[in-house]
Amino acid sequence: MQKKSGPVPKKSRAGFIVPVCLFMCGVLLSFTGIWSAADRSVYDILLRIKCRVDPVELTPRIVSVDLTDSAERSLGDAVDNRTAFADALEVMKKAGISGCFDFLFAGSRDPAGDRRLAQTASAVPGFVVVTVPLSQKETGISNTALTAEENAVLEKNLWHPVIVHAGAVPSAAAFLLPYPDLAARVPHLAHAGLLPDSDGVERRVPLLYRWNDGYMPSVPLVLAAQALDADIKHSILDAGREFIMPLKNGKNIHIPVDINGCMYIPYAGLWKNGLRRIPLDTFAAAAHDDTVYEQLYDMLDGAVLCISDLTTAKKDFGITPLEPVYPLSGVHTTVLNAILTQSFFRSGPVWLRILTSLLLTCGVLFAVVRKKDVWFHGVCGIMFMLFTGETLVLWFCSGIVPSFCGLCAALAVFWLSAWLFRLAAAYRERMLMENALSRYFPRALAARVLKEGKTDLVPAKKELTMLFSDIAGFTHWSSDKAPETVHAFLTDYLTSIAEIVFAHGGTVDKFIGDGMLAFFGDPFEQPDHAERAVEAAVDMQKKIRLLAAKWKPLVGIDLKVRIGINTGDVIAGNLGTDVRIDYTVIGAAVNLASRMESNAPAGGILIAENTHKKVHDKFLFTGPELVTAKGYEQPVQAYVLDQHYD
């Protein structure tokens, strides 16, 4: 049997090249966004876990004033004529706080109520009213056209940040504005637009909408600028990285944004467990009831208010990773909370993904060259655990949104493909080994050798029975025969006698021209190895007489074979060099078996005394006779199997 050495065979290189190439393709695909839907699912799961074990900090400054169904019933007509909202502004003016109306107030209703609302809104410093951005398609459907006055109002409220990278910030074809008097007099307008992902879930919010030569800021961005005393004239937009909002105290707020100018919404938990809330009817009552005002004062001190509509009829709800029904006003307060507390989620930097990919590539190259499957699977498992651990640490410690599925899929494809190649290679190697072992053993025994892992066949001293056979006069007969004739005859002859050896559980050591060396009792113990050898010799002579009758008319050979047998201690196992190794037997007992063969009568079987002692009661012999053998000082006794036995 040959020992593997030298360079990797060409066929086995595919098991290295193909899995590595598949992994590299998977890495490249992970940068294309093809796994974004799967990554969103992972993000949703991790967000829910984070909200339970390590929620985002909530600032006490934000207070939500909610128009609920019960508050709407309590207020009655005060909602329709907008006096309830004017009363809420009166409370804010009295408390010296600011905030926003998350209501559009489109069109005029009650003239007196509209005038009062506009006048009161103008007296609340920094107060914000929403406007809704419209796409080109929405503008065409609603036939919305802005007047010169509306254009002027919009221009007044635009921001003009320094542009480092404009990216793909969404553009608005038009805006839905509050009724003209309120739009003109309110201190600030800000957009309340949202951009749900393709599955309809609110995960990111656009901070800006492009319009004309400027940008309409979002409601939470304007509220945060007011609360933090920001210098918006020097704000910086670097789409794909961050929006920088300088503060007048010299510090900067760095808000991570994607290429669309959107920031991740850092949900802190379920809506009902969120910020402090006051029903609108209670809040509006404080404008006329000092007792109610005093009860609310401590909550209102230094607060930023978000007055929003939570009535079920208005259906101002959306889907979030945490809840299938979530008030969209809660998105704005969540984003505002994130800016005030600087608790942001962000995409991982490209350099980190590249570094992770390179480290995984090194791990892949290390794993694929491991010869032992346990090391291969172990390295792959460690890589997966380390990558998963890195993802979790970055998420829970730094708020870096996982980009997990692409590289995870690349690792999985690599592992599966490499494993399949290993299985195929192992199967091929097993078949080759089984074929190689079938030179020595019957196929069933070869399969057992492989199954029981005895392929190393370490040399060891054992008592075995050796059988030598040789054709009498073969050299003389073959000297004038065509090679094809000699080959055909020898193939039939050697195949026939080898099958008989195999049938008796013997091992074919080697063929030496027309001769054969076989032994019995290894690689598996056979207590009756001597008996097996003699029985094999008897069956061989029977077969040889049949072959003689077959081949003499064809090639003119008078086929007679000498067989010699000896039992004794030998060294059996794999012996050789790094270049070639053979499974063989060596020792004086082998030489004596050879001498038995050379002294055997043509067509007869000669066995040494050691074998005779083990089988004398099972076969008939003549003798003894003395045989001179190399390595033995005295002639040895030998016995001829009685020719009448078979």
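The model is predicted, so local features need pLDDT of at least 70 and side-chain atom pairs count only at pLDDT 80 or more, while totals for chains, interfaces and linings use all residues. Residues are numbered from 1 along each chain as its sequence is written, and side-chain values use heavy atoms, with hydrogens and water left out.

**The nonpolar cores**

- A nonpolar core is a set of buried Ala, Val, Leu, Ile, Met, Phe, Trp, Tyr and Cys residues joined through side-chain atoms within 4.5 Å.
- "Buried" means under 20% relative accessible area, "exposed" means over 50%, and "partly exposed" is in between (1.4 Å probe, protein chains only).
- The largest core here has 53 residues, and those with the most contacts inside it are L207, L221, F243, M245, I255, M263 and I339.
- Among the elements that each supply at least two residues of this core are α2 (36–53), α10 (219–228), β11 (242–246), β12 (252–256) and α13 (329–341).
- Those labels come from DSSP runs, numbered from the N terminus: helices are H or I with at least four residues, and strands are E with at least two.
- Another core, of 50 residues, lies apart from it, and L75, V91, I97 and Y209 are among its members.
- Take L207: leaving aside neighbours within four places in sequence, its contacts (heavy atoms within 4.5 Å) include H191, L221, F243, I255, M263 and V335.

**A sheet and a hairpin**

- Strands of a sheet pair through backbone hydrogen bonds, either parallel or antiparallel.
- Two strands count as paired if DSSP finds at least two bridges between them.
- β11 and β12 are antiparallel partners with five bridges, and I244 has H254 in β12 as its bridge partner.
- Elsewhere, β21 (residues 507–512) and β22 (residues 515–520) run antiparallel and are joined by five bridges.
- In that hairpin, two residues sit between the strands, and G513 takes a positive phi near 65°.

**Helices packing up**

- Axes are lines fitted to C-alpha atoms, for helices over the stretch in contact, and angles run from 0 to 180 degrees between N-to-C directions.
- α10 also packs against α13 at an angle of about 35°, with the axes 9 Å apart.
- On the α10 side the contact includes L221 and A224, and on the α13 side it includes V335 and I339.

- F105 is not a glycine, yet its phi is positive, near 55°.
- You'll find F105 in the loop between β2 (98–102) and α6 (111–122), and at 6% relative accessibility it is buried.
- Q342, also not a glycine, has a positive phi of about 55°.
- Q342 lies in the loop between α13 and β18 (346–347), and at 48% relative accessibility it is partly exposed.

- For C21, the nearest cysteine sulfur is that of C25, 6.7 Å away; C21 is partly exposed, at 41% relative accessible area.
- C405 is buried, with a relative accessible area of 13%.

Terms used. Disulfide = S-S within 2.5 Å.
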